[in-house]
Each structure stands twice: as C-alpha cells, then as structure tokens.
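Hi,

Here's the structure I promised to pass along. Have a look first, and my notes on what turned up are below.

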Amino acid sequence: MVEALISENGSILTENEDIEKEMFSTFFEARHIEANTSRFDDEHFNEINDLYNFVKSSNFQPCRETLDQLPQSSLLYCSVTEWEVLSTIKGIKSIAASFDNQDIHQSMLKKLGSNAIYALSKLFTLCLRNGLWLWNESKVIFLKKDGKASYSKAGAYRPISISPYIGKLFERILAQRLEEYLRKVGILDENQEGFTKGKNTIRYLHRLTAGIKGDIRKKLTVLCLFIDFEIFLSRSKIDYCTDIGHIGINY
C-alpha cells in the first residue's frame with residue numbers, strides 16, 4: 001500500500017488513482033529511454049524489428065527453411081503431452097502464497113485430475129500450433145525496497161507482476177523444451193551457471209575466487225569489473241550500450 005507519493009514535478013499525490021498512474025508511468029512507460037531514442041543504433045533496431053515482423057507474419061510458426069536449418073527443432077513444436085504437463089506440475093517445488101488474477105492458487109494445480117491434465121495438454125498444443133497466448137493480463141502490486149530512507153518516491157518500490165498460474169505452467173513447459181533443444185544442439189555456453197539445470201551461480205563465484213587467489217600467489221595484479229547490466233542498460237547513455245559490443249561483451 002502506497003500512502004503518498006511525490007511525483008517527478010514535485011507535486012504530492014494522495015489519491016489512489018494518481019498514485020497508481022505515477023507508479024505505472026515510472027515503471028512501464030520506459031521514460032528513461034525517451035530522451036535517448038535518437039541515439040539508438042537504427043541499423044540494429046531495424047534488423048530486430050524486421051525479424052519480429054517476419055515471425056509475426058508467419059503466425060509465430062517456423063517456416064520450412066527455418067526447420068531445415070535447425071536440427072531437432074521438432075522438440076520445440078511437437079504436441080504438448082499429458083506427461084509434460086503432469087511432470088512439470090510435480091516439479092514445482094515452491095508454492096506461492098497468493099492467488100493469481102484468475103483467483104487460482106498454485107496448490108490447485110497439484111490437485112488436478114486426469115481429465116484436467118488432458119484438457120491442459122490440448123489447450124497448450126492449440127496455443128503452440130496457432131501462435132496464441134491467452135494469458136496477457138497480470139495483477140501488479142508494488143513492494144517497498146528494503147533500506148530506503150523514504151518511500152515518497154516511486155523508485156523506492158519494485159513492481160511485482162502476478163500472472164495466471166496456468167500461463168506460468170505453459171511457460172515452464174516451453175522453457176524446458178528450449179533448454180533441452182539448446183543442450184542437444186550445443187548452443188549453451190559451458191560457462192553459464194545461472195538458470196541452468198544442475199548448476200548455480202555459487203559455483204561460478206568459487207571459480208572466480210579460486211582464479212583470483214591463484215593469480216595473487218603468482219604475484220599478478222588482479223582487476224575485477226562488476227556491472228549491474230539491468231541498471232547499466234536502462235540508465236546509462238545509449239552510446240555505451242552500443243559500444244560494449246565492440247569489446248566482446250554481448251548484451
């Protein structure tokens with residue numbers, strides 16, 4: 001609950017409607033980018049936009065040429081099975097405390113019977129074949145960030161999107177398929193630890209500290225650069241974002 005807020009122009013907002021408008025404008029209208037739109041890489045933007053329009057024009061379905069170029073791509077587009085739905089539900093370890101915007105609790109998924117599992121497998125298959133996504137609406141709440149001296153500014157909060165659990169279940173199935181496909185065709189970076197099954201970022205930190213200690217023992221100078229790319233890409237000058245690719249950093 002946000003009791004009062006100071007807007008960007010300095011006015012004090014106390015009405016819920018005004019506070020909500022200010023919060024959504026801050027986090028979802030990308031105002032930090034508007035002042036720098038003229039500095040975007042037009043060639044990169046046009047390339048991505050053309051690719052999106054091409055995929056959209058084909059109803060988000062792969063063309064024959066694409067399928068021929070992507071070995072084992074059938075892993076991504078085959079029908080969703082009941083086993084996939086059931087195993088994905090069983091794989092959900094943490095149960096969210098809240099209901100979603102459809103008044104469904106995550107624990108309900110674990111109580112679904114065989115008929116419901118069958119229906120979901122057919123629904124997901126139809127969505128996949130027709131390029132449809134049925135879960136476009138989310139409930140957004142704003143939580144206070146810890147350690148802030150004042151909560152009168154929108155930046156002292158972080159938005160949390162509560163999406164339909166049925167849609168999240170479909171997302172998990174697609175993510176598992178994509179990870180399996182990338183693993184089989186050898187695209188995944190062997191050094192990636194985050195969001196990778198059987199790995200975690202703690203392993204990477206151990207390798208980092210071991211490397212630093214090894215260099216220190218060799219009496220070498222160690223320099224480390226840590227970048228918060230979420231903040232870097234959203235608030236830094238656009239020129240920096242387009243230039244980092246030239247030094248071997250992909251973003």
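**Aromatic pairs and the rest**

The count of aromatic pairs comes to 7. One of them joins tryptophan 133 and tryptophan 135, which sit edge-to-face with 5.0 Å centre to centre and 75 degrees between the planes. Tryptophan 133 is partly exposed at 31% relative accessibility, while tryptophan 135 is buried at 15%. Tyrosine 151 and tyrosine 157 also pair up: their ring centres are 5.9 Å apart and their planes are at 65 degrees, so this pair is edge-to-face as well. Tyrosine 157 is buried, with 2% relative accessibility, and tyrosine 151 is partly exposed at 25%.

If you were wondering about disulfides, the search of the whole structure finds 0. As for cysteines, cysteine 127 is buried at 4% relative accessible area, and cysteine 224 is partly exposed at 41%.

On the overall picture, the protein has 12 helices and 4 strands, and 21% of its 251 residues are buried. It exposes about 18500 Å², with carbon and sulfur atoms supplying 55% of that.

Do keep in mind that this is a predicted model. Its mean pLDDT is 79, and 78% of the residues reach 70 or more.

Cheers

Conventions. Residues are numbered from 1 along each chain as its sequence is written. This is a predicted model: local features need pLDDT of at least 70, side-chain atom pairs count only at pLDDT 80 or more; totals for chains, interfaces and linings use all residues. Side-chain values use heavy atoms; hydrogens and water are left out. A disulfide is a pair of cysteine sulfur atoms within 2.5 Å. Buried means under 20% relative accessible area, exposed over 50%, partly exposed in between (1.4 Å probe, protein chains only). Helices (H or I, at least four residues) and strands (E, at least two) are DSSP runs, numbered from the N terminus. Accessible areas come from the Shrake-Rupley method with a 1.4 Å probe; for residues, only the protein chains shown count as cover. pLDDT is the predictor's confidence in each residue, from 0 to 100. Rings of Phe, Tyr and Trp (its six-membered ring) pair if their centres lie within 6.5 Å; planes under 30 degrees apart count as stacked, over 60 as edge-to-face and the rest as tilted.
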